[in-house]
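Look at the structure below before reading on.

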Amino acid sequence: ANRESWSWREDDFSKARKSLEWKPLSIERTKGSEILFGIAPCSLALSQSRRDLFRLFLKENSGSRRLVMSEFVLQATARGVPVHHVKRRELDALCRGQVHQGVCLEATPLRFKSLEEAEKPDLGDEESPNRQLIWLVLEQIQDPMNLGALLRSAYFLGVDRVVTSQRNSCPLTPTVSKASSGAMEVFDVYSTDDLRGFLKAKTAEGWEVVGTVSQPEDVENVPVISCLEFQWNKPVIVVIGSEGDGLSLETQLLCHRMLAIPPGRALHPGIESLNVSVATGILLHSICSQKLKHGD
């Protein structure tokens, strides 16, 4: 009888523990909301007016981050956003185990802007004939970590606009915002369902369209130069292709030139290319450093 009673208690304990483990998932989400996570995305989302904000969740007993958490409470109070202090496992459940740094924010998603919503850039013909504009165009970037890293580099290096292809591209998710270190919260991202029509139109307006390639021998009918040789003398669009396949052939043929990054050593087969976001950072820096030298 004792053994039976013990096994029942153990079973009961196990059920109770399971119910505690699942409890965090009972936080009901506002319809149509998503959970942002991480200090930079949540702080920037609170400071901007680009999302509707519902609730801020902060980790109880934050210890070394107490000052940061009190800043969050001030930010949320100023915006009229309710603050909930919760256990770490509840935050883990809210953002499905991502690295939240003790902060989650329930908010409406950010959407791509359509190019029709974009203000026409001022090429500054009268005031500044050498106005250097640089746009980054992303064709079928599907990995949210890569998209976030690309947005972070584009924002940091001074890219004027980012445009993605609608088809086969990653949406603007909380993971993208975290990988961008919050740049997605302050930087508009545009989208087009007719990438080739867009590139043709920009060419007709006098822009230079440059593609990117890791294997120069793979390109036909478009001149390939080192990014170090590129001279920036008119508004420029840098087009980046998908992680696996690079630029589609149709898009390549709309480029005036292709840029390659010269390697610093003889490369072993199989490691001849760079991660797409790293390569883009190098190419953008190579071009944008000319803006710093020449000024506007």
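In what order do the four strands of the open sheet lie? In this predicted model, the order is E1-E4-E2-E3, and the pairing is mixed. Strands E1 (34-37) and E3 (83-86) are at the edges; each has a single partner strand, so one side of each has no neighbour in the sheet. From one strand to the next, the twist averages 25°.

Strands of a sheet pair through backbone hydrogen bonds, in either a parallel or an antiparallel way. E1 and E4 (residues 103-107) run antiparallel and are joined by four bridges. Ile 35 has Glu 106 in E4 as its bridge partner.

| Helix | Residues | Strands | Angle |
|---|---|---|---|
| H2 | 39-47 | touches E1, E2 (53-59) and E4 | about 40° with E4 |
| H3 | 66-79 | lies across E2, E3 and E4 | about 165° to E2 |

How do H2 and H3 lie relative to one another? Their axes come within 9 Å and cross at roughly 25°. Angles under 35 degrees count as roughly parallel, so H2 is roughly parallel to H3. The crossing of H2 and H3 is left-handed.

Which residues of H2 meet H3? On the H2 side they are Ile 39, Cys 42, Ser 43, Ala 45, Leu 46 and Ser 47. On the H3 side they are Val 68, Phe 72, Gln 75, Ala 76 and Arg 79. Sorted by class, this contact of H2 with H3 holds seven nonpolar, three polar and one charged residues.

Terms used
Residues are numbered from 1 along each chain as its sequence is written. This is a predicted model: local features need pLDDT of at least 70, side-chain atom pairs count only at pLDDT 80 or more; totals for chains, interfaces and linings use all residues. Side-chain values use heavy atoms; hydrogens and water are left out. Two strands pair if DSSP finds at least two bridges between them. Helices (H or I, at least four residues) and strands (E, at least two) are DSSP runs, numbered from the N terminus. Axes are lines fitted to C-alpha atoms, for helices over the stretch in contact, and angles run from 0 to 180 degrees between N-to-C directions. Contact means heavy atoms within 4.5 Å. Angles under 35 degrees count as roughly parallel, over 145 as roughly antiparallel, 65 to 115 as roughly perpendicular and the rest as oblique. A crossing is left-handed if the near helix is turned anticlockwise from the far one by less than a right angle, and right-handed if clockwise. Ala, Val, Leu, Ile, Met, Phe, Trp, Tyr, Cys and Pro count as nonpolar, Asp, Glu, Lys and Arg as charged, and the others, Gly among them, as polar.
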